[in-house]
Amino acid sequence: MYWPIFFFWGSAAFALPNELTVYTYDSFTGAGSLGESLSALSKKKTGCTTKFVPFATAGEALSQVALEGPKTAADILVGVDQSLRARADALAFDELPPSLFSKLQSGLEPKASRRWLPFDYGYLSIVYDDRRKDVPPPGMTLMGFATHPAYKKRLVLEDARTSSLGRSLLTWTQSVFPKAEYATFWTSLFQQVLTVSPGWSAAYGLFLSQEADFVFSYTTSPAYHIEKELNPHIKAMIFPEGNFRQIEMAGILKSSKQKKCAVKWLELLSSTKIQSEVPRRQWMYPARSGVKLPTSFTSLPVPTKVIDAPENAAQADAELVRQWTQFAAGLK
């Protein structure tokens, strides 16, 4: 079991000169990750080294920053999305230089505060293997999936209390369904749920091991299987109601003693060099405009209707999680 507690570091004042401490989710770090590539480039180009502190989910990383308060060891937090933004905005993060946002794709630049730099995005979906039984027909709706009798106990979801992806599903369904249908959808969907995992990695592992036939993931998940396995059978559902666009962001703590290095690190994160690596390392779309996509991405279907977080998503976040917990309590 993972216990994300790091009290032994004490204050960020103990950080080495030009060493950045980055809190993030585990798949951003390690061999072959975007974080590994960015860390190497940062050291080469700026002389700033990177110390990653990985957590099972971005939500856990954010919770650790909140727990440590002004004495947090973190200089940078990576992985905040729209579902975590309200919690993150309650903490002390710096406004970022406007130049960091100049090359973003249209629609990704924050409308108000510039404390969060988008670095990738993806469309949420339900992913399946078309070689398994009862393949969803094209054009199936979200409600249609939730109420289909053949899909009972075959779906794995991420926990909305710990996973930003799980919370994003709440935001998506909040956008799609009016109040009168929202409870019906979730009551029905939990009839399809085999289990709930704390984060994406565990959920996707259950799908790959064939313990579950459907997993909540991204429309770009099939690109990994095309690229790495030459496997065209993993598919993502494009829903008529629209697919939610999740945007991942990074920010700099006000308490950081490494501001110069931190800004340079984010400049590299948004550079053409690193952004061109996003598809094959993050399996998401790059946030920077003009980045050429690999064939494994250009062959994927793209949602014709894109849903972004509604204006009231932040205010409704806590209430949505409470409701979700009640629905999950009925899972047997």
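The following questions and answers concern a predicted model of one protein chain.

User: How many helices and strands are in the protein chain, and why is it as compact as a globular protein of that length?
Analyst: The protein chain contains 13 helices and 11 strands. For its 332 residues the globule rule gives 20 Å, and the radius of gyration is close to that, so the chain is as compact as a globular protein of that length. The radius of gyration is 20 Å.

User: What share of the residues in the protein chain is buried?
Analyst: A residue counts as buried when its relative accessible area is under 20%. Of the 332 residues in the protein chain, the buried ones make up 55%.

User: What share of the contacts with a separation of 6 or more joins residues 24 or more positions apart?
Analyst: Contact here means heavy atoms within 4.5 Å. Among contacts in the protein chain with a separation of 6 or more, residues 24 or more positions apart account for 79%.

User: Is Leu 62 buried or exposed?
Analyst: Leu 62 sits in helix H2, which covers residues 58–68. Leaving out residues up to four places away in sequence, Leu 62 touches Leu 77, Leu 84, Arg 87, Ala 88 and Leu 91. Its relative accessibility is 1%, and the cut-off is under 20%, so Leu 62 counts as buried.

User: How far apart in space are Leu 62 and Gln 192, C-alpha to C-alpha?
Analyst: In sequence, 130 residues separate Leu 62 and Gln 192. In space, their C-alpha to C-alpha distance is 30 Å.

User: Are H5 and H6 oblique or roughly parallel to each other?
Analyst: Two packed helices are described by the angle between their axes and the distance between the axes. The axes of helix H5 (residues 164–176) and helix H6 (residues 179–192) come within 9 Å and cross at roughly 135 degrees. Roughly parallel requires an angle under 35 degrees, and roughly antiparallel one over 145. H5 and H6 are therefore oblique.

User: Which residues in H6 meet H5?
Analyst: On the H5 side, the residues are Leu 169, Leu 170, Thr 173 and Gln 174. By class, this contact has five nonpolar, two polar and no charged residues. The H6 residues are Tyr 182, Phe 185 and Trp 186.

User: Is H3 oblique or roughly perpendicular to H5?
Analyst: Helix H3 (residues 82–89) and H5 have axes that come within 7 Å and cross at roughly 105 degrees. Angles of 65 to 115 degrees count as roughly perpendicular. H3 is therefore, relative to H5, roughly perpendicular.

User: How many charged residues are in the contact of H3 with H5?
Analyst: Ser 83, Leu 84 and Arg 87 in H3 meet Ser 164, Arg 167 and Ser 168 in H5. One residue of this contact is nonpolar and three are polar, while the number of charged residues is two.

User: Is the crossing of H1 and H9 left-handed or right-handed?
Analyst: Helix H1 (residues 34–46) and helix H9 (residues 259–269) pack at about 125 degrees, with their axes 10 Å apart. That angle makes H1 oblique to H9. The crossing of H1 and H9 is right-handed.

User: Is Leu 230 buried or exposed?
Analyst: Most residues other than glycine have a negative phi. Leu 230 has a positive phi, near 55 degrees, and lies in the loop between helix H8 (221–229) and strand S8 (234–236). With a relative accessible area of 74%, Leu 230 is exposed.

Terms used: Residues are numbered from 1 along each chain as its sequence is written. This is a predicted model: local features need pLDDT of at least 70, side-chain atom pairs count only at pLDDT 80 or more; totals for chains, interfaces and linings use all residues. Side-chain values use heavy atoms; hydrogens and water are left out. Axes are lines fitted to C-alpha atoms, for helices over the stretch in contact, and angles run from 0 to 180 degrees between N-to-C directions. Helices (H or I, at least four residues) and strands (E, at least two) are DSSP runs, numbered from the N terminus. Ala, Val, Leu, Ile, Met, Phe, Trp, Tyr, Cys and Pro count as nonpolar, Asp, Glu, Lys and Arg as charged, and the others, Gly among them, as polar. The radius of gyration is taken over C-alpha atoms; the globule rule is 2.2 Å times the number of residues to the power 0.38. Buried means under 20% relative accessible area, exposed over 50%, partly exposed in between (1.4 Å probe, protein chains only). A crossing is left-handed if the near helix is turned anticlockwise from the far one by less than a right angle, and right-handed if clockwise.
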